Amino acid sequence: MKNVKIQKTVYAGIFAAITFVVFTFLSIPIPTIGGGKVSVHLGNAFVVLGALLLGTGYGSIGGAIGLTIADLIDPVYIVEAPITFIIKLLIGVISGLIAHKIGHITTEKNPKRVSKYVILASAAGLAFNAVFDPLLRYFYKIIILGKAAADVSLAINFGVTLINSVVSLIVVVLLYAALRAPLRRAGLLPSET
């Protein structure tokens, strides 16, 4: 039991590192009013993929920590790090619960059913992100920058977050399809979440 927890913690750390690297080094920043920025990135894809591959708890935490650390080391994003942690954790929880508690993707033998629940779970988590990430950041920016600047920033943030979500959905589905069989043979898929 103890070795399984250590192993899952290590894998969560790996997913934290992957999400950090993908966001920090493979994103396209877009400046916004007031010196802020939003980024086109695939960090959210790895939050969802972590929840699908590691299970709801460890996968969600790993991805949320990775993107939060990325925010903490960037002076533009640092003050939004708590929002990032909450939103990204919830993306993973939503995706993981649908995939594992409803779809049972780890034990399901029917590939079409697995694909259906991977798509559904990923879409639900990323749709949540597409709506609530910009909204939380909007209310934060009203406090910091004022309503006019926050209104302009909201439109940009919604657009970029929607792009991120659609591209992330495609990436997650393709990566999960490629990784499921070898990870299953190796006994590395979660037994329960």
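Biologist: How much space lies in the largest pocket?

Modeller: This is a predicted model, and in it the largest pocket holds about 210 Å³ of space.

Biologist: Which residues lie nearest the centre of that pocket?

Modeller: Val4, Lys8, Leu189, Pro190 and Ser191 lie nearest the centre, out of twelve residues that line the largest pocket. By class, that lining has seven nonpolar, three polar and two charged residues.

Biologist: And which element gives the most to the lining?

Modeller: That is H1, which gives four residues to the lining of the largest pocket.

Biologist: How does the lining of the largest cavity divide by class?

Modeller: The lining of the largest cavity has six nonpolar, eight polar and seven charged residues.

Biologist: Switching to packing, at what angle do H1 and H2 pack?

Modeller: Helix H1, residues 2–25, packs with helix H2, residues 43–54, at an angle of about 165 degrees, and their axes are 8 Å apart. Because of that angle, H1 is roughly antiparallel to H2, and H1 passes H2 in a right-handed crossing.

Biologist: Which residues make the contact?

Modeller: From H1 the contact is made by Tyr11, Ala12, Phe15, Ile18, Thr19 and Val22, and from H2 by Gly43, Phe46, Val47, Leu49, Gly50, Leu53 and Leu54. By class, the contact of H1 with H2 has ten nonpolar, three polar and no charged residues.

Biologist: And H4 with H5, roughly parallel or antiparallel?

Modeller: Their axes come within 8 Å and cross at roughly 160 degrees, so H4 and H5 are roughly antiparallel to each other.

Biologist: Is that crossing left-handed or right-handed, and how do the residues of the contact divide by class?

Modeller: The crossing of H4 and H5 is right-handed, and the residues of their contact divide into 16 nonpolar, five polar and four charged.

Note on methods:
Residues are numbered from 1 along each chain as its sequence is written. This is a predicted model: local features need pLDDT of at least 70, side-chain atom pairs count only at pLDDT 80 or more; totals for chains, interfaces and linings use all residues. Side-chain values use heavy atoms; hydrogens and water are left out. Axes are lines fitted to C-alpha atoms, for helices over the stretch in contact, and angles run from 0 to 180 degrees between N-to-C directions. Helices (H or I, at least four residues) and strands (E, at least two) are DSSP runs, numbered from the N terminus. Angles under 35 degrees count as roughly parallel, over 145 as roughly antiparallel, 65 to 115 as roughly perpendicular and the rest as oblique. A crossing is left-handed if the near helix is turned anticlockwise from the far one by less than a right angle, and right-handed if clockwise. Contact means heavy atoms within 4.5 Å. Ala, Val, Leu, Ile, Met, Phe, Trp, Tyr, Cys and Pro count as nonpolar, Asp, Glu, Lys and Arg as charged, and the others, Gly among them, as polar. On a 1 Å grid over the protein atoms alone, a cavity is a set of points where a 1.4 Å probe fits but cannot get out, and a pocket is an open set with protein on both sides within 12 Å along at least five of seven lines; lining residues have an atom within 4 Å of a point. Grid points are joined across faces, edges and corners, and a volume is the space filled by probe spheres set on the points.
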